[in-house]
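Student: I have a structure open and would like to go through it. Can we start with the sheet?

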Amino acid sequence: MGLHVGLDLGSTAIKIAVLENGALLASRATVTAPGQEEVAERLLHEALSCIDRSPDDVERLVATGYGKRLYARADRMMDEITANAVGAFHCSGGEARVVVNIGGQDMKVIFLDEGGRVADFKMNDKCAAGAGRFFEQAARILDAPLERFGDLYQAASETAELNSTCVVFAESEMVSLLARGVPRENIVKGLCHSVARRAVSLIGSSSPQSGLYLDGGPACNHGLADAMAEELLAPVGVLPMPQFTVAIGAARSTAEG
């Protein structure tokens with residue numbers, strides 16, 4: 001059996017996952033840029049080179065994400081909701097029932113049945129205040145890398161209140177809070193709770209007491225999962241390598257039929 005490859009052409013990042021017999025062998029990610037097909041080809045060659053394999057070893061390649069139609073060499077295209085569900089179910093060992101995916105431009109909540117199939121899903125509006133772009137802007141304003149947000153969250157003495165639901169006004173609020181001497185860590189905690197409340201409103205009354213997972217690049221900020229758990233009063237897991245879940249799901253779909 002050859003390699004199965006999932007290519008996730010997202011709005012802010014392109015991710016690739018290479019699987020063999022269901023096991024992840026390699027993964028790569030880069031920022032989305034013009035010429036996405038060429039960028040994807042480069043990622044594929046990098047991923048294959050690191051495991052000493054060649055494109056001839058690829059049995060199937062499935063493209064997903066906003067830019068999936070830009071990769072003409074894909075054997076198949078797959079919608080990102082289904083790919084996310086397949087990846088989340090696999091990466092959670094079959095435990096996932098609700099997946100909150102925070103992408104670059106939007107937030108999705110996917111409800112899974114016991115077999116890992118999509119039972120329902122919800123998506124926020126196109127405002128970036130609940131998405132990865134918001135965290136990127138906050139990192140710039142707060143002069144703190146996203147990788148430190150989880151630690152800053154834990155160090156917060158209290159939660160700064162961020163009331164705006166629009167990213168532009170929320171940015172102004174953060175600037176104002178800094179000017180008043182509010183510690184960065186308190187602002188980060190307020191930011192995480194602001195995004196967590198958006199997720200909770202999307203989940204609605206369907207929130208389970210178990211099987212809820214956070215997914216997408218911003219999930220690497222463990223403060224966000226903590227904030228969601230506090231808002232939901234329920235445990236929230238983080239999928240391993242959450243930025244690659246959709247690509248893994250696309251690759252898994254080729255193995256499963």
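Student: What order do the strands of the open sheet come in?
Tutor: Five strands form an open sheet in the order S3-S2-S1-S4-S5, with mixed pairing. Strands here are DSSP E runs of at least two residues, and helices are H or I runs of at least four, numbered from the N terminus. Two strands pair if DSSP finds at least two bridges between them.

Student: Which are the edge strands?
Tutor: S3 and strand S5 (76-77), each of which pairs on one side only.

Student: How many bridges join S1 to S2?
Tutor: Six bridges join strand S1 (residues 3-9) to S2, and the two run antiparallel. Leu-7 stands opposite Ile-16 in S2.

Student: And which strands does helix H1 touch?
Tutor: Helix H1 (residues 36-50) packs on the sheet and touches S1, S2, S3 and strand S4 (58-64). Its direction makes about 140° with that of S3. Such angles run from 0 to 180 degrees between N-to-C directions, with axes fitted to C-alpha atoms, for helices over the stretch in contact.

Student: Where do the numbers come from?
Tutor: This is a predicted model, where local features need pLDDT of at least 70 and side-chain atom pairs count only at pLDDT 80 or more, while totals for chains, interfaces and linings use all residues. Residues are numbered from 1 along each chain as its sequence is written, and side-chain values use heavy atoms, leaving out hydrogens and water.

Student: New topic. Is Gly-150 buried or exposed?
Tutor: Gly-150 counts as buried because its relative accessibility is 2%; buried means under 20% relative accessible area, exposed over 50%, partly exposed in between (1.4 Å probe, protein chains only). Gly-150 is found in helix H4 (residues 149-155).

Student: What is Gly-150 in contact with?
Tutor: Leaving aside neighbours within four places in sequence, Gly-150 is in contact with Asn-221, His-222 and Gly-223. Contact means heavy atoms within 4.5 Å. The C-alpha atoms of Gly-150 and Asp-226 are separated by 9.1 Å, and these residues are 76 apart along the chain.

Student: Which residues of H3 are buried?
Tutor: Gly-132, Phe-134, Phe-135, Ala-138, Ala-139, Ile-141 and Leu-142. Just after H3, Asp-143 takes a positive phi of about 55°.
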